[in-house]
Amino acid sequence: MTLSSHRRFPFIVYAVKRNHKEVSGRSLLTGSLAPHDMETVIRGCTVRLVVGDITQQDVDAVVNAANRTLLGGGGVDGAIHRAAGPELLEACRHIREQVLGGRYLETARPVITPGFRLPARHVIHVVGPICGSDPDPEGNLRAAYARSLALAVEHRLASVAFPSISTGAFGCPVEWAAPVAMDTVVSFAESAGSGEPVTATGLQEIRMVLFSQRDYEVYQQALQARLTRGPKAGG
Ligand code: ADP
């Protein structure tokens, strides 16, 4: 990160000791991080990495790595549907029929439903790129994160938790996806108050929920690299 970008995007990276209490998306910075959790505050928005289960997150919205049918599947999608209960499937069916006219949900075009029995108040369903067949996996992975965040801001949500989109059944290597995800998330947080059409204004926390310690470490490295390097030239 250059000196000028450091001035423009001040950040603090720190870790807080565990006290076994889940952090609520509404009451931030209460000192409840696990020993290895990492967080950085960017223009008032906390970007946090945790090892955990997306279905257990007490946030305004969790993001579902959905499949195109919007009617449930394996991985994150299956876990979210099981935890949220059958009302979620009904809500997804309604969107599929009434909003999408029966068509598949397009890649990186998120939709939002209530969270029903989840601790999260809402679910943002987004389809990530399939590595190996998507013509623009990087552009679509960026768009999946950025448009999900924009939808959260549009709904005046304060906290959003993401899984590692596209790195399960959709076959993208986590070492490739993590830098793309972290660059997009940090750039979005940096947009607060910038005068861009969609900014992070009002968003207090973006949480990445990694399902394994290994994935966590890859994301941690990617976040640290992005904070050190600053935004990509021209990006
Ligand atoms: P995609 O189809 O977008 O690849 P998957 O659901 O198959 O999505 O997997 C995305 C990532 O989420 C993988 O790294 C997988 O290990 C992880 N994952 C699976 N279940 C959960 C869960 N309950 N909470 C958080 N992450 C999960």
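Among contacts in the protein between residues at least 6 apart in sequence, what percentage join residues at least 24 apart? The share is 69%, where two residues are in contact if their C-beta atoms, placed from the backbone, lie within 7 Å.

1. Basis of the model. This is a predicted model, in which local features need pLDDT of at least 70 and side-chain atom pairs count only at pLDDT 80 or more, while totals for chains, interfaces and linings use all residues. Residues are numbered from 1 along each chain as its sequence is written.

2. Overall layout. The protein has six helices and eight strands. Helices (H or I, at least four residues) and strands (E, at least two) are DSSP runs, numbered from the N terminus. Their order along the sequence is α-β-β-β-β-α-α-β-β-α-β-α-β-α. Of the 235 residues, 45% are buried. Buried is used here for a residue with 20 or more other C-beta atoms within 10 Å of its own, the C-beta atoms being placed from the backbone.

3. Strand β7. Strand β7 (residues 159-162) is covered on both faces: S159 and A161 are buried on one side, and V160 and F162 on the other. Strands count as paired if DSSP finds at least two bridges between them. β7 runs parallel to strand β4 (residues 61-65), joined by two bridges, and A61 stands opposite V160. β7 also pairs with strand β8 (residues 205-210) in the parallel sense, over four bridges. In that pairing V160 stands opposite I206.

4. The core. A nonpolar core is a set of buried Ala, Val, Leu, Ile, Met, Phe, Trp, Tyr and Cys residues joined through C-beta atoms within 7 Å. The largest one holds 63 residues, and A61, V62, V123, V160, V185 and Y219 touch the most other members. Helix α5 (residues 174-190) gives the most to this core, nine residues. Leaving aside neighbours within four places in sequence, V185 is in contact with V47, Y145 and I206. In soluble globular proteins, nonpolar side chains tend to be buried together.

5. Helix α2. Which residues of α2 are buried? They are V76, D77, I80, H81 and A84. Seen down the axis of α2, these buried residues fall within an arc of 125° (taken from the directions from the helix axis to the C-beta atoms), so they line one face of the helix. An α-helix has 3.6 residues a turn, so residues three or four places apart point the same way. The buried residues of α2 pack against β4, α3 (86-99) and β6. Just after α2, G85 takes a positive phi of about 90°.

6. The ligand. There are 20 residues around the ligand, and A65, G75, V76, G168 and F170 come nearest. A residue is counted as near if its C-beta atom, placed from the backbone, lies within 6 Å of the molecule. Helix α2 (residues 75-84) supplies the largest share of this shell, four residues. By type, the shell has 10 nonpolar, seven polar and three charged residues. Ala, Val, Leu, Ile, Met, Phe, Trp, Tyr, Cys and Pro count as nonpolar, Asp, Glu, Lys and Arg as charged, and the others, Gly among them, as polar.

7. Two backbone angles to check. Most residues other than glycine have a negative phi. L70, in the loop between β4 and α2, has a positive phi near 70°. L70 is buried, with 26 other C-beta atoms within 10 Å. F116, in the loop between β5 (111-114) and β6 (122-126), has a positive phi near 50°. F116 is buried, with 20 other C-beta atoms within 10 Å.

Terms used:
Buried ≥ 20, exposed ≤ 12 C-beta atoms within 10 Å, placed from the backbone.
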